[in-house]
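Subject: Structure handover and findings

Hello,

My notes follow below it.

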Amino acid sequence: MSLGKEKRRIQRVRPDYPVIGQLPAGNVIVADLSIVGSRVDHQFPLAAGRRVRLDFSCEGEKLSIICDITRCKLQRTSANGGVLYSSGLRFCELSEETSASLRRVIAAFVSRHLAQRKAQRKQEGAVQQPLA
């Protein structure tokens with residue numbers, strides 16, 4: 001998970017393991033996540049403006065979220081004909097239960113990231129301590 005500087009009003013988190021989701025067109029990888037939307041990577045084009053349902057499970061939560069596709073961009077192609085698209089999804093029609101589940105998922109990623117950073121800083125401090 002990364003908590004880099006962004007111009008967004010709502011911070012997004014990047015999962016620290018692959019989160020596989022499903023759209024009607026096929027499987028996607030949830031590349032980042034916030035309480036208002038997500039970026040997903042996939043191997044097929046999506047039509048911006050369409051409303052779809054994103055289903056995924058992570059951190060012990062099963063989520064099914066109605067979203068609007070805000071954009072779809074071809075990220076890269078490979079010599080063997082493979083493609084990678086990245087799409088922005090804006091969540092809509094979130095129930096209170098789904099919103100609470102989404103917040104728990106995001107909180108788990110943030111907590112783990114902060115614990116990893118704390119451990120890393122502690123380890124770096126131990127390495128930088130002069131020997132007596």
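Glu59 sits in the loop between E4 and E5. Its phi is near 55°, a positive value in a residue other than glycine. The side of the residue open to solvent is limited: Glu59 is partly exposed, at 29% relative accessible area. Bear in mind throughout that this is a predicted model.

Glu93 also has a positive phi near 55°, and it is not a glycine either. Look for Glu93 in the loop between E6 and H1. At 59% relative accessibility, Glu93 counts as exposed.

Now the overall fold. The protein chain holds 1 helix and 6 strands. Read from the N terminus, the order is β-β-β-β-β-β-α. The 6 strands close into a barrel. From one strand to the next, the twist averages 45°.

Strand E1 covers residues 20-23 and is joined to E4 by 2 bridges. The two strands run antiparallel. Gly21 has Phe56 in E4 as its bridge partner.

Leu23 belongs to strand E1 too. Is Leu23 buried or exposed? Leu23 counts as buried, because its relative accessibility is 7% and the cut-off for buried is under 20%. Setting aside residues up to four places away in sequence, Leu23 touches Val28, Leu46, Val52, Arg53 and Leu54. Leu23 and Phe56 are 33 residues apart in sequence. In space, their C-alpha atoms are 9.2 Å apart.

Next, the core. The largest nonpolar core has 23 residues. Those with the most contacts inside it are Leu33, Leu54, Phe56, Ile65, Phe91 and Leu102. Which elements each supply at least two residues of this core? They are strands E2 (26-33), E4 (51-58), E5 (61-77) and E6 (83-92), plus helix H1 (96-128).

Beyond its neighbours within four places in sequence, Leu54 is in contact with Gly21, Gln22, Leu23 and Val28, among others. Its contacts also include Leu63, Ser64, Ile65 and Cys67. Leu89 and Phe91 are on that list as well.

On to the cysteines. How many disulfides does the structure hold? The count is 0. For Cys92, the closest cysteine sulfur is in Cys67, at 6.6 Å, which is too far for a bond. The cut-off for a disulfide is a sulfur pair within 2.5 Å. Cys92 counts as buried, at 15% relative accessibility. Cys58 counts as buried too, at 5%.

Last, the totals for the chain. Buried residues make up 36% of its 132 residues. Among contacts with a separation of 6 or more, 50% come from residues 24 or more positions apart. The accessible surface comes to about 8,600 Å². Carbon and sulfur atoms account for 51% of that surface.

Best regards

Key: Residues numbered from 1 in each chain as written. Predicted model: local features only at pLDDT ≥ 70, side-chain atom pairs only at ≥ 80, totals over all residues. Heavy atoms only, no water. Core = buried A, V, L, I, M, F, W, Y, C linked by side-chain atoms within 4.5 Å. Buried < 20%, exposed > 50% of the residue type's maximum accessible area, 1.4 Å probe, protein only. Helix = DSSP H or I, 4+ residues; strand = E, 2+ residues; numbered from the N terminus. Contact = heavy atoms within 4.5 Å. Areas by Shrake-Rupley, 256 points an atom, 1.4 Å probe, with all protein chains shown as cover. Pairing = 2+ DSSP bridges. Axes fitted to C-alpha atoms, helices over the stretch in contact; angles between N-to-C directions.
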